[in-house]
Amino acid sequence: MLEGFKQAKHLMTRSGSRPPWYADGLSFTCVNCGDCCGGAPGYVWVSPEETRAIAKLLGMSPERFEQQHTRRVEQRQSLLELADGDCEFLMREPDGKTHCSIHAARPRQCRTWPFWKSNLTSRRAWAASARHCPGMDRDEHHPLTVIQSALRQNDDADLPL
Ligand code: SF4
Ligand code: SF4
């Protein structure tokens, strides 16, 4: 997985300070390359609420889902990954495209990419992640409100992204 996608490391300017560098919004459209969901080992954090939603989608009990598809990492649960580093729910198609088999219930961490605090600390940080994610800086424009919402969601969930 992309280093940034799985375990992030570091916000918004405080109210009253100058606008963030991304105040005009940012572009992002996923091209389904799957690079963020496979590769180097890392973490995909799931909350109890997300665990219940994924389990429901898969027709499993939350307990069974947690037992079979997650692991404990300190105070959090993370989705399991395969030996090659792919997330268990990453589906690879013959044409090289990928998709997430739990897309409708994918965790907040996946939903909010690439609008993570760690990517937004500076233009440089954003550009560094964009070198590994071909969807960044392309096509759909996401306004500041969307970016702020993603930041808020991850902050509220206390995700280390
Ligand atoms: S384009 Fe980016 S977000 Fe989409 S699958 Fe590839 S690395 Fe992941
Ligand atoms: S849950 Fe889906 S979007 Fe998230 S890492 Fe796994 S395959 Fe990728």
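**Entry 1. Conventions**

I note that this is a predicted model, in which local features need pLDDT of at least 70, side-chain atom pairs count only at pLDDT 80 or more, and totals for chains, interfaces and linings use all residues. Residues are numbered from 1 along each chain as its sequence is written, while chains are lettered from A and ligands numbered from 1 in the order in which they are written. Helices (H or I, at least four residues) and strands (E, at least two) are DSSP runs, numbered from the N terminus.

**Entry 2. The sheet**

I followed an open sheet of 3 strands, whose order is β2-β4-β3 and whose pairing is antiparallel. Strands pair if DSSP finds at least two bridges between them. The edges are formed by β2 (45-46) and β3 (70-73), each pairing on one side only. Between β3 and β4 (residues 76-79) I recorded 4 bridges. Here V73 stands opposite R76, and T70 stands opposite L79. On the other pairing, 2 bridges join β2 to β4, and W45 has S78 in β4 as its bridge partner.

**Entry 3. Phi and omega**

I returned to E74, which is in the loop between β3 and β4. Most residues other than glycine have a negative phi, and most peptide bonds are trans. E74 is not a glycine, yet its phi is positive, about 55°. Is E74 buried or exposed? E74 counts as exposed because it has 5 C-beta neighbours inside 10 Å. The cut-offs are 20 or more other C-beta atoms within 10 Å of a residue's own for buried, 12 or fewer for exposed, and partly exposed in between, with C-beta atoms placed from the backbone.

I then checked D158, in the segment after α7 (144-156). D158 also is a residue other than glycine with a positive phi, near 55°. With 11 other C-beta atoms within 10 Å, D158 is exposed.

For omega, I noted a cis peptide bond between W113 and P114, at about 0°. P114 belongs to the loop between α4 (108-112) and α5 (117-120).

**Entry 4. Two helices**

How do the axes of α2 and α3 cross? The axes of α2 (residues 48-58) and α3 (residues 62-69) come within 8 Å and cross at roughly 100°. Axes are lines fitted to C-alpha atoms, for helices over the stretch in contact, and angles run from 0 to 180 degrees between N-to-C directions. The two helices are therefore roughly perpendicular to each other; angles under 35 degrees count as roughly parallel, over 145 as roughly antiparallel, 65 to 115 as roughly perpendicular and the rest as oblique.

I listed T51, R52, I54, A55 and L58 of α2 as meeting P62, F65 and E66 of α3 (contact: C-beta atoms, placed from the backbone, within 7 Å). By class, this contact has 5 nonpolar, 1 polar and 2 charged residues. Ala, Val, Leu, Ile, Met, Phe, Trp, Tyr, Cys and Pro count as nonpolar, Asp, Glu, Lys and Arg as charged, and the others, Gly among them, as polar.

**Entry 5. Ligand surroundings**

A residue is near a molecule if its C-beta atom, placed from the backbone, lies within 6 Å of it. Around ligand 1 I found 12 residues, of which C30, C33, C36, C133 and G135 come nearest. The shell of ligand 1 divides into 8 nonpolar, 3 polar and 1 charged. The residues surrounding ligand 2 include C37, C87, C100 and C110. For ligand 2 the shell has 10 nonpolar, no polar and 1 charged residues.

How values were computed. Two residues are in contact if their C-beta atoms, placed from the backbone, lie within 7 Å.
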